[in-house]
Amino acid sequence: MATTDPAALPPQATWHLATDLPRPGGPREADNPEPAAGLHEVVRIYGIRHWIEQSYKQVKDELG
């Protein structure tokens with residue numbers, strides 16, 4: 001479950017994702033040169049991060 005409302009998390013939630021990306025409509029949106037990231041984009045970036053880390057580990061193991 002991905003949500004921006006901590007009260008909506010299940011009682012047995014075991015982790016959360018913290019990011020420094022500005023959210024749409026947030027106080028830091030206007031000051032940031034990058035566009036604000038919505039919840040869908042943050043979840044997508046987090047998923048890509050895992051894939052990149054695994055690929056990097058495989059390449060590193062092959063090269064020694």
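Reader: Is Lys57 buried, partly exposed or exposed?

Author: Lys57 is partly exposed, with a relative accessible area of 47%, where buried means under 20%, exposed over 50% and partly exposed in between, using a 1.4 Å probe and protein chains only. Please keep in mind that this is a predicted model, in which local features need pLDDT of at least 70, side-chain atom pairs count only at pLDDT 80 or more, and totals for chains, interfaces and linings use all residues. Residues are numbered from 1 along each chain as its sequence is written, and side-chain values use heavy atoms, leaving out hydrogens and water.

Reader: Okay, and which residue forms a salt bridge with Lys57?

Author: Asp61 does, with the closest N and O atoms 3.3 Å apart; a salt bridge here is a side-chain nitrogen of Lys or Arg within 4 Å of a carboxyl oxygen of Asp or Glu. Asp61 and Lys57 are four residues apart in helix α1, so about one helical turn separates them, helices being DSSP runs of H or I with at least four residues, and strands runs of E with at least two, numbered from the N terminus.

Reader: How many salt bridges are there by this rule?

Author: The count comes to three, and among them are Arg44 with Glu41 at 2.8 Å, N to O, and Glu53 with Arg49, whose closest N and O atoms are 3.1 Å apart.

Reader: Switching topic, what does Ala2 touch?

Author: Leaving aside residues up to four places away in sequence, Ala2 touches Leu39 and Val43, where contact means heavy atoms within 4.5 Å. Ala2 itself is found in the segment before α1.
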